[in-house]
Protein chains: 4
Amino acid sequence: MGKKPLIVINFKTYSESMGDRAVKMAKYCNEITLESGVEVIVCPQIPDIYRVANSVKIPVFSQHIDGAGAGSHTGHITAECVMDAGASGTLINHSEKRLLLSEIDSAIQYAKKTGLKTIVCTNNIPVTSAAAMLGPEFVAIEPPELIGSGIPVSKADPDIVRESVMAVKKITSHVEVLCGAGISKGDDVAAALSLGTSGVLLASGVIKAKDPKAALYDLVGKI
Amino acid sequence: MGKKPLIVINFKTYSESMGDRAVKMAKYCNEITLESGVEVIVCPQIPDIYRVANSVKIPVFSQHIDGAGAGSHTGHITAECVMDAGASGTLINHSEKRLLLSEIDSAIQYAKKTGLKTIVCTNNIPVTSAAAMLGPEFVAIEPPELIGSGIPVSKADPDIVRESVMAVKKITSHVEVLCGAGISKGDDVAAALSLGTSGVLLASGVIKAKDPKAALYDLVGKI
Amino acid sequence: MGKKPLIVINFKTYSESMGDRAVKMAKYCNEITLESGVEVIVCPQIPDIYRVANSVKIPVFSQHIDGAGAGSHTGHITAECVMDAGASGTLINHSEKRLLLSEIDSAIQYAKKTGLKTIVCTNNIPVTSAAAMLGPEFVAIEPPELIGSGIPVSKADPDIVRESVMAVKKITSHVEVLCGAGISKGDDVAAALSLGTSGVLLASGVIKAKDPKAALYDLVGKI
Amino acid sequence: MGKKPLIVINFKTYSESMGDRAVKMAKYCNEITLESGVEVIVCPQIPDIYRVANSVKIPVFSQHIDGAGAGSHTGHITAECVMDAGASGTLINHSEKRLLLSEIDSAIQYAKKTGLKTIVCTNNIPVTSAAAMLGPEFVAIEPPELIGSGIPVSKADPDIVRESVMAVKKITSHVEVLCGAGISKGDDVAAALSLGTSGVLLASGVIKAKDPKAALYDLVGKI
């Protein structure tokens, strides 16, 4: 305990959070962090990382990296390059960008070498356990059927969250568990934390909100 | 102990082990099993499973299944269909057919439901541990750089084998460890068993041998 | 003209058309061909090809092949192996099994070398034209949004069919055009032929019909 | 004719051309363009596009885009976002980042809508023709076996270049042909142009050169 809960905002490829609007959205998140003390992380599109990272103090995460390093890997996203652009971490294996098992491992290894933190997204308890064995900083359990549903995983399926936390604890004390899918309210965050997670991962709940800033205030309000 | 060591022969898409030649090769393996008591499993190409399974008594494994079941999945290989064709198990995630982490999990779940045994191929110790968390019957560690090299993993890198066995034992007693890459001699098999594995996975060592039958005899001779 | 229209029945991974039921379904199609003179092609699951091909005289096509030949390609489906199992052709790039552009080319080349006919599935007019440049025997235009919809492409979007036929004719006289998506009635087939296609590709319209044999009779009835 | 030849420099994920070094390398290319009048295009890693595009006047191309637009596509690279970051074009389907046929089509369509120019990389003549049917601005033929070989395609296999140019001309006058693989000298560029191409695509020949600036001068020297 005592540790600050984490709120990870995935900008996806939403037009509401691209380019200048990515910078603006990240600045809102920066303000919220300053005011609330809650740690907010933003995940802009990869070409936007540099701009966003140069505009805010909060951590900027990439939405994806490949399991490739320096070399002949045209079009691949390397840990080193996103870090050089200002990212301090990355999502890996998001449900919209699933990777080979061996690529996830390789991406985590490159990230560790570079100093990039990793959040591996997963879809159920065995996959969460498997991901935890690969040694990322975080796993984020997101039941695919709830993503973008508006129904928070912390209410719809508290067991999957609770059991993911327990499964990971059995394996290691070095991997923290986040949860995602359907999160949009402060209540959802509070519920997620009470189930033993270290925070939440969300996207449309903030980015597609009529008033993203108000949505952010609501999100951190119950912590 | 007391348990019979396992020798898994992967026919790949070698022309030496396709069609009628797959049946012939499988019959050799069947003979060896009868004579030696060593359990040999054959993995013919998927279109050959039916023919091979109808010609031998030893277990026939598929080279691959997808993480898909009955439904709108044109071209996918389902656990149910390979089992109906006569397979009793399958390789999953071979280095030449890597899968998404979530697909490996899904393929194992379909296999379990159908009664198909699974061997998940892996490339290093963390990936082996991750695969073991998904609950297959076997994991098979095969350092990619040694595959087809003629240099047996049991000699070139005994530590990766020994540590894979230890890593998996720490997780569960229900998953056995095989090793592969460069195996071609009875000595390699004996070394693999002495490192704690339940057997070996090989391909060219038998299929591409001048005399596959002699190669098989040599393989089982030191057990 | 004078040429017989073609009806390609994709068995997908439907349980209604797997294993023994694949053989039974193929036999229905065989009867229809004998009685009507319409050429029906069946596409069972890959592990079922051998069994089906040994039970019927009509052409059996694979649902997929990879762009790989003999060699170290574990789990891949080769032209040579499906032909050896009894297939005389194959679907390539079905909407449920999309391939890399370079793989489609490679698969067609392997198929040609082996003597396997190819039907490349496509989703729109430019992709149809691109596929035609690769020299398959057939392209099959299937607008993804209509697949499994019950709304026949020949009615919902006759223009895409007509223009696909024209686009392909402009390129070559060696590639015939099929259409698919939502086809289930003899009227749909007649409409498809009147738009200039050489036949249709369908799945659920027959396989999921209450009475597949009656559905087949209806299909060929208006030709 | 009269048109300026094009030299496209792919920065790959080489460490020599990442981050600040990407900016420096792009500035060299900018100077060369100013001095020689030859059009040089640079393709930095995707997270570097913004920085590079803000430092030079020459065109900056992305190394890759996905066939996805605004929406729920975490980790995907959209035409809109790379353009917003300063790119004016993109490679598509590089041999190190092959795409599905339908994705190439979709990526080109998104690029057209956004105003991004496209160079589709291809591996042989039929694939080049297929790619040309999809309506990019350029196709770039690169025989995979020559990539990074130091043996220029324009010498090793002039026929594949010449025939690619002819094949594309037969289809359309709107698509120009580039060639790549093994290009490093001004002679190679001159040979490529004499074979009917509009320019060349290269990477290590400049980036890995002891003196990249000198390599660039040599490249443009024979035009």
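Analyst: Two strands pair if DSSP finds at least two bridges between them. The model discussed here is predicted.

User: In what order do the 8 strands of the sheet in chain D run?
Analyst: In chain D, 8 strands make up an open sheet with parallel pairing. Strand S2 (39-43) and strand S3 (61-62) are its edge strands, each of which pairs on one side only. Read across the sheet, the order is S2-S1-S8-S7-S6-S5-S4-S3.

User: Which residue of S4(D) stands opposite D:Phe61?
Analyst: S3(D) pairs with strand S4 (residues 89-92) of chain D in the parallel sense. The pairing of these strands runs over 2 bridges, and two bridges are what the cut-off for a pair requires. The residue opposite D:Phe61 is D:Gly89.

User: What span does helix H7 of chain D reach from its first C-alpha to its last?
Analyst: Helix H7 covers residues 158-171 of chain D, which is 14 residues. At 1.5 Å a residue, 20 Å is expected, and the span of H7 in the model is close to that. The value is 20 Å.

User: How wide is the arc that the buried residues of H7(D) cover around the axis?
Analyst: The buried residues of H7(D) are D:Ile160, D:Val161, D:Ser164, D:Val165 and D:Val168. They lie on the same side of H7(D) because the arc they cover around the axis is only 135°.

User: Which residues are exposed on the other side of H7(D)?
Analyst: The buried residues of H7(D) are covered by elements of chain D including helix H5 (125-133), strand S6 (138-141), helix H6 (153-156), strand S7 (176-180) and helix H8 (186-194). On the other side of H7(D), the exposed residues are D:Asp159, D:Met166 and D:Lys170.

User: Which helix gives the largest share of the side of chain A that touches chain D?
Analyst: In this interface, 36 residues of chain A are in contact with 36 residues of chain D. Helix H2 (49-53) and helix H3 (79-84) of chain A are the elements that give two or more residues to the chain A side. The largest share, 4 residues, comes from H3(A).

User: How many polar residues are on the side of chain A that touches chain D?
Analyst: Contact with chain D involves 36 residues of chain A. By class, 13 of these are nonpolar and 7 are charged. The polar count is 16.

User: Which residue of chain A comes closest to the rotation axis?
Analyst: Chain A superposes on chain D by a rotation of 180° with 0.0 Å of shift along the axis, at an RMSD of 0.0 Å. The copies meet through the same surface, because 100% of the interface residues of chain A are also interface residues in chain D. At 2.4 Å (C-alpha) from the axis, the closest residue of chain A is A:Pro47.

User: What relation superposes chain C on chain D?
Analyst: A rotation of 180° with 0.0 Å of shift along its axis places chain C on chain D, with an RMSD of 0.0 Å. The relation is that of a two-fold axis.

User: How far apart are the nearest C-alpha atoms of chain A and chain C?
Analyst: Chain A and chain C do not touch. Chain B and chain D are likewise joined by no contact, with their closest C-alpha atoms 16 Å apart. For chain A and chain C, the distance is 16 Å.

How values were computed. Residues are numbered from 1 along each chain as its sequence is written. Chains are lettered from A and ligands numbered from 1 in the order in which they are written. This is a predicted model: local features need pLDDT of at least 70, side-chain atom pairs count only at pLDDT 80 or more; totals for chains, interfaces and linings use all residues. Two residues are in contact if their C-beta atoms, placed from the backbone, lie within 7 Å. The expected span of a helix is 1.5 Å times one less than its number of residues. A residue is buried if 20 or more other C-beta atoms lie within 10 Å of its own, exposed if 12 or fewer, and partly exposed in between; C-beta atoms are placed from the backbone. The arc is that of the directions from the helix axis to the C-beta atoms. Ala, Val, Leu, Ile, Met, Phe, Trp, Tyr, Cys and Pro count as nonpolar, Asp, Glu, Lys and Arg as charged, and the others, Gly among them, as polar. Copies are superposed by least squares on the C-alpha atoms of residues with pLDDT of at least 70 in both.
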